[in-house]
Each structure stands twice: as C-alpha cells, then as structure tokens.
Amino acid sequence: RAYVLTLILASSKWLDAHYDPVANLYTFSSCIALSDLHGDGENKLVAGDLGTGVCNMKLKVYHGTGLLSESTLLDLPTGMVSFLMDLHEPRTPAIAVASGPFIYVYKNLRPYFKFTLPSLEVNPLEQDVWSQAKEDMIDPMTLKEMLEGLRDKAEIPLSVRSLRFLMLEPQEMEDFVLLHKEQPIRRQTVITCIGTLKKNMADEDAVSCLVIGTENGDVYILDPEAFTILYKMSLPSTPNLMDVTGQFDVEFRITVACRNGNIYILRRDSPKPKYCIELSSHPVGLVRMGKNVVVGCSHETLHGYTQKGKKLWTAYLPAPVTTMALMDLPTRGFQAVLVGLANCEVHMYRDKNLVSTIKTPDVVTSICFGRYGREDGTLIMTTKGGGLIVKILKRTAVFEDRDSAPGPPIAQSIRLNVPKKTKLYVDQTLRERENAVAMHRAFQMDLSRLRLAAARAYVKALESSLTPMSASLTEPLKMNAVVQGLGPSFKLTLNIQNTAACRPVMNLAISFLYDENLYSMRTAFFKIPLLVPGLNYPIDTFVECLSDKGISDIIKVFVLREGKSAPLLTAHINMPVSEGLALN
C-alpha cells in the first residue's frame, strides 16, 4: 500500500502546499488577483470576498498561508484588478475594486480614489410624471398606471426609483411617494466586468488603463492617473466576461462575452464591435490564449476561436463549467487553459487536448495561476464551501502535448500550414467577384463544348471499332497487344478474351494492315479458335522491319467475324524503332 502511494505521489505534477476548508473565502475568478503590493518581490493574494451576499463583504489579502489584512467593502464586488497607475517610485501596484456604479482604488491597502460612472439620460416623460406627483396633481395609483405605460413603450428605460415603486403593494405606495418625491430622479448604471489595458508600453511593469463594462452595454477606458474617460464603446447587450490585450496608444482588442449569448471583439479604430461570434449556448468562461480565444459554454462544451471569430475546435466536458483561468509559464513557454468543473475536477487544456486533471475536495469557484510569494508556478483555488487550496507546480513536471482523454487522434487537431494570401491572389479574387457572371458563362460554354467533343469522339470510336472492347452484345470481346524485341525482328502477341458470362464466341479471324515497304509478316491472317468465356487466348506472330533508316509506323489489327464487313475490334499498334538496324 505504501508503494502504491509513493507511485501516485511521484506521478503527480503538483505539490499540495496548503488547504484550508474553513477559510471562509467566497469569491469568483473575476475578484481574485496576485500582486506585489509592497514592492518587496513577494506577491500577495488579493481577493474580493462576497461574504453572505448581503453583508460582510471584505477585501482580503493573503500572504503565505495566513490572512495578512482585510478591509470592509460597502457593496458586492463584481470585479477586481491589480494595475500600475503611475511611474512614481517605489513601483507598487494599486487595487481597483468594482462595486455597483463605483470603482474603489486602493493604494498601499488604503482607500485612494473613488470613481463614479456617469449618470444616464432620464426619460423626460418620467420626470414630468414625478413632477405631477410632487405637486399632488395625481394620486399614487394614477402614478403607477402612468409609469407602467411608460415602462412598456418608452425607448429610455425607467429609473431605479420608478421600478421599485412599481414593485410595491398599494398600501406602501403613498409612503414611498412622500419619501422620494422631493429628490431629483437619477438613472445610474452599474459595473458588470473590469479589466486592464497597457497604456503605451507592453512591459510587465508598464502603466495600465482600467477597462470597465456596464449594465447598459457600454465599455469605458479610463485614464490611469486622472480617472477620466478616454474612450467609450457600445455593445448590443450587457457584457459579463471580458479579456483585454494590446496597448491603448498603439492597438488593442477587447473580447467581451455578453448576456445575449454572443462574443464581440472591439478594436481601437471602431466604437462598435468589429467581429461577432454567435454561440449555441451562453458563455460562462472566457480566456485568451495567444491569438486564440477559448470559451466555456453552459452546455458542457469548450470552444476555440480565432481573434476574427473563426471556429477552430470543440471539446466536450464531463460536467458543467464553474470557472476558467489562463495558466501561463513564460519560463517554460507553456500556456494552457484551466477549467473548473462541477464534478470536483479541474481540467487543463492545451488547444483541444486534455493534458492534465486535478481532483479537488469541493467544487472550485475561482482559479488563479501565477507568482505567489516567490514561487512562479502557483495554482490558487477557492471552493464553493469557502475553502482555499494552494498547489505548486513541480519543477520536474512535464505536460505531454497529446490528448489524455479517449477520442480521435491529435493529428485531427493540427492546423494545416496554409500559405499567406499574395497580392496576385487578392487581385484574382477581386476580378472573379467583378466578372463572376461572365466567367461562369464562359466556363459553362467550354464545358458544353468539351462534352460535345468527347461524345463525338466516343461515337466515332464505336462506329470504327477503335475501342479496346467491342460494343457488340453478341460478341463481347477484349483485346490488348504486346510488342517484344529490339529489331529488326519483333514478336507481336495479341491477348484476346471473351468477356461474356456463359456464351462462347466462334467463327472469328484476325487480319493485319501495315506498310509493306516497311514491314513484312510471316502470317498476316489468322483464324481464331472457339473462345471460352473468361479465358485469355494469346496469339503470336513475327514482324520483320525492312527499313534501315530508323523509322517506324503503325500496324492495324482487325478482329473480324464471318459474314460481316465491319470489324468487331480495331487496334493501332505503335511499332518501336528497330535499334538493331540502327546499330548496323
């Protein structure tokens, strides 16, 4: 038993560094990050704890296996990132926590700045209705009827105050109106996802901008120092997952998964989505790996797409996806996607190949891989029950680039090395688009002429019996010829076969037609014996070349039947040059 345990530990690629099942940490992958908060070279784990969902929300910082500090959050965190906001020394990153319509920025684990999303346009009809209620021109029931009519028909959605009023019981409406009618109406959106974008340099310690997605479908890019809006983009639906790459001053791509089940790709040169990926089910995880995007869907599938939306592969999972994260090891040049599943497993995929599986004691709700403390390959996971798991990748661990799951071979997932499009190819493509109708007509005309020429040649061959097989149903014959020798004497062998099923063929003869000044034959006419079906009958004769000029000609062979003037078969034999005479 000890020997088996030793083998299992030796085959494992991870070291179990820490597991605390009662860490009381409830969070998601969007609210967890690894950051060198104090600039001492040791990364800490920063997590936005959801608490009970109503209270006890905290910003927790872990160092090693213990809790270093915690700060109270005023609302549920929807996302958290670590970023460098300036070039001042020492280079310590800040923590941005998105919560409701606000972004709370912490520097040195202390509150530093609070950013508020700009207010949205309020429906003027809604303002007019509340003004009437303020002046006691309408009663609460009339107010409710007018707001319900606006909610169903208005292009601008109602404010939160009006929506809450419509949810109240009739006896509660009057108190609500008295409490809020003196206050101005505001329509405020909330943040749904957050990310970071390098400002003008691709270095790891470069200054980064904040990228936020909002409930009303807008994406904002914020200045890292003044926290003003640098750029605004719009989406057809509410974003819930986001991945950002590139540099704001050069070129960037923002990949966003929305609640309508589509993935949109935003670029610098357009305020609207550049590409759209339509999924068969709603996305629950989004990870960029190199130039490709990996999406986990609610129908227990994992899809790979190019950054232009072309589908590359699909992998089927044994359980629903709970969370996803990128595993990046620059020192080894290794990248993979970590997928947490509802069956207490974490699968590691490299493209569509399952390269490793990690068993966990509980369902994983968040995954983070990177440098923790001074260890580069650290995997941190939190569980549904509030547990904290820390694993360290062994330095001797090797991941084979093949699929460990049963299924088709890896060769099916290897992309073909398609050459790049040349200028000539692009020009020809444009010409084909512009002259498509004329080119199609010319092709159809040439194809019709080719079919006509082939049909005429076939009819001519049948009429002159030039085919190697006879067209007659009563005498179905097949013949081929073989010429042997260097010259001046050649041996000519004819192989004749009756291809009928059960009927023999008789009363046949063979005749040769040739240039008598060039060739002579001992026997130029044969009578063929009865041909039994299925047997091959070789008939030999000798040809003598009479010319010493090194030329050759054609000898025609006719298979004849008594009483018929047209031959059954005709063969043209191209005689070789007599090399014996050429040597003499």
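This is a predicted model: local features need pLDDT of at least 70, side-chain atom pairs count only at pLDDT 80 or more; totals for chains, interfaces and linings use all residues.
Trainee: How many helices and strands does the chain have?
Mentor: Good place to start! Both kinds of element occur in the secondary structure of the chain. The count comes to eight helices and 36 strands.

Trainee: What is the radius of gyration of the chain, and what would a compact globule have?
Mentor: Let's set the two side by side. The C-alpha trace spans about 125 × 75 × 50 Å along its principal axes. A compact globule of 584 residues would have a radius of gyration near 25 Å, but the chain has 42 Å.

Trainee: How many positive and negative side chains are there, and how far apart do the centres of the two sets lie?
Mentor: Take the counts, then the distance. There are 63 positive side chains and 61 negative ones. The centres of these two sets lie apart by 7 Å.

Trainee: Is glutamine 247 buried or exposed?
Mentor: First find the residue: glutamine 247 sits in strand β14, which covers residues 239-247. Buried means under 20% relative accessible area. Glutamine 247 has 17% relative accessibility, so this residue counts as buried.

Trainee: Which residues is glutamine 247 in contact with, leaving aside its neighbours within four places in sequence?
Mentor: Nice follow-up! A contact here means heavy atoms within 4.5 Å. With those neighbours set aside, the partners of glutamine 247 are Leu197, Lys198, Lys199, Asn200, Met201, Ala202 and Phe252.

Trainee: What share of the chain's residues count as buried?
Mentor: Now we look at the whole chain again. The chain exposes about 32,000 Å², with 54% of that supplied by carbon and sulfur atoms. Of the 584 residues, the share that counts as buried is 43%.

Notes: Residues are numbered from 1 along each chain as its sequence is written. Side-chain values use heavy atoms; hydrogens and water are left out. Helices (H or I, at least four residues) and strands (E, at least two) are DSSP runs, numbered from the N terminus. The radius of gyration is taken over C-alpha atoms; the globule rule is 2.2 Å times the number of residues to the power 0.38. Buried means under 20% relative accessible area, exposed over 50%, partly exposed in between (1.4 Å probe, protein chains only). Accessible areas come from the Shrake-Rupley method with a 1.4 Å probe; for residues, only the protein chains shown count as cover. Lys and Arg count as positive and Asp and Glu as negative; His and the chain ends are not counted. The place of a charge is taken as NZ of Lys, CZ of Arg, CG of Asp or CD of Glu.
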